[in-house]
Amino acid sequence: MHIGHHRKFTANHTFHADWRDRRLFVKILPNLQEAAAEIAGHRRLRDRYEVPRLVGHRTFRRYAIHAYERIGDDRGDSGLLLDDINIADLTGHVGHLDQTVTALLSRYETVIHQTLRRARPQDTVTKLYADRAAEGGRLDRYYRHDPDLLIVPGGDSVRPSQLRALRLVVNGEPHRIDFSATIRWLRRTHCSEHTVWAGLTQGDPTDVNLGPGPIWFDYDTGGINALAGEFAGFLWYQLIQGGWLVPAYNTSAFADHPATFACMVFNKPAVQFRLSGSSLAIDYHHRASMARRHVIARYLNELVRPIAAEIGISCVMKWLRPYLVMRILGVYNLADLNTADAALSLAYLAQVLSPGLSVDELFADIASREKETQ
């Protein structure tokens, strides 16, 4: 057996193994609960989505070991939707990217229609939304101790408890954030008994979990998921996380995809902020890269809008809002970000919470593309 290509992602380790005529991708997980969720998610997805075959899994002491068939030819910058996005940004050509997106959207549309149902939030996969919003969950761990969210020039800080009294001006538009009320609203929304539209999905649709073919990776959130959560997760990742925040704060995840770092310049935000008395002004300019905007437009116009219309959703932004807010607050602790990224996140939070914001305004040039396709 030949073993190599060791990588570490958060607490998990992966490596490649070649044994006889088998090419394996081996994953070692120290969290047995997450390991069990991954096996269960793979089992739920495998009959309707293309996933690598699970060759075997074992528990050794406090570790779980999963072995999957290894897909692709092991070249760098290949095998993921991420790579097709990077290539399109670097070359200016979206032809190959469009082929990948078409295949992904087609499969999602088919499976969602086959599995569409109403479900209580607790009857969906709860990891990314309900668990994080619940008492003692990630939102509490991040913000209950009222950390410094933003250190402004001069040494003053802005804490969650101070936001309610601040006049927050984002790109010239006034806003106000009641942080405690927002947390309570998220808890009521994601931990309620009210049913939501749900379907069988991967649950965490980042461009490192999706690949040409199409093929799906990473399964601990696989199962019946809230559709608004699935859609919000993908859109927000394309807008700001995949091209900027994740490679900035999780650099090791892209060891095999170095073109990601070359493409960060296409996604880099420009942010300025100042605190004056009871007013915090944040001015920013940010647009996702050309390829990411292209993917957002297709995803929104070919998947999200048609499904929303079919199930009677009249306002897509209102539908997605509680899930978008969770992606802003519940992935990275804003207190751990550098000042510019924390300010940008606060600005986006204020805008997403605004009832007057539309999906087109949030996702930049979607509106113009929508008009072209009508």
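**Overall fold and salt bridges of the predicted chain**

The chain contains 13 helices and 16 strands, where helices (H or I, at least four residues) and strands (E, at least two) are DSSP runs numbered from the N terminus. The radius of gyration is 21 Å, close to the 21 Å that the globule rule gives for 374 residues, so the chain is as compact as a globular protein of that length; the radius is taken over C-alpha atoms, and the rule is 2.2 Å times the number of residues to the power 0.38. This is a predicted model, in which local features need pLDDT of at least 70 and side-chain atom pairs count only at pLDDT 80 or more, whereas totals for chains, interfaces and linings use all residues. Residues are numbered from 1 along each chain as its sequence is written, and side-chain values use heavy atoms, with hydrogens and water left out.

Along its principal axes, the C-alpha trace spans about 70 × 50 × 45 Å. Of the 374 residues, 53% are buried, the classes being buried (under 20% relative accessible area), exposed (over 50%) and partly exposed (in between), with a 1.4 Å probe and protein chains only. Among contacts (heavy atoms within 4.5 Å) with a separation of 6 or more, 70% are made by residues 24 or more positions apart.

Salt bridges were assigned where a side-chain nitrogen of Lys or Arg lies within 4 Å of a carboxyl oxygen of Asp or Glu, and the count by this rule comes to 20. One of them joins the side chains of Arg292 and Asp207, with an N to O distance of 2.7 Å. This pair links distant parts of the chain, since Arg292 belongs to helix H9 (residues 290–310) and Asp207 to the loop between strand S11 (196–201) and strand S12 (210–211), 85 residues apart. Both partners count as buried, Arg292 at 1% relative accessibility and Asp207 at 0%.

Helix H9 also carries Arg305, whose side chain meets that of Asp360 in a salt bridge of 2.6 Å, N to O. Asp360 lies in helix H12 (residues 359–362), so the pair ties together parts that are 55 residues apart in sequence. Here Asp360 counts as buried at 19% relative accessibility, while Arg305 is partly exposed at 21%.

In the salt bridge between Arg274 and Asp283, the closest N and O atoms are 3.3 Å apart; Arg274 is partly exposed, with a relative accessible area of 48%, and Asp283 is likewise partly exposed, at 26%. Elsewhere, Asp18, Arg23, Arg70 and Asp74 are linked in a network of salt bridges.
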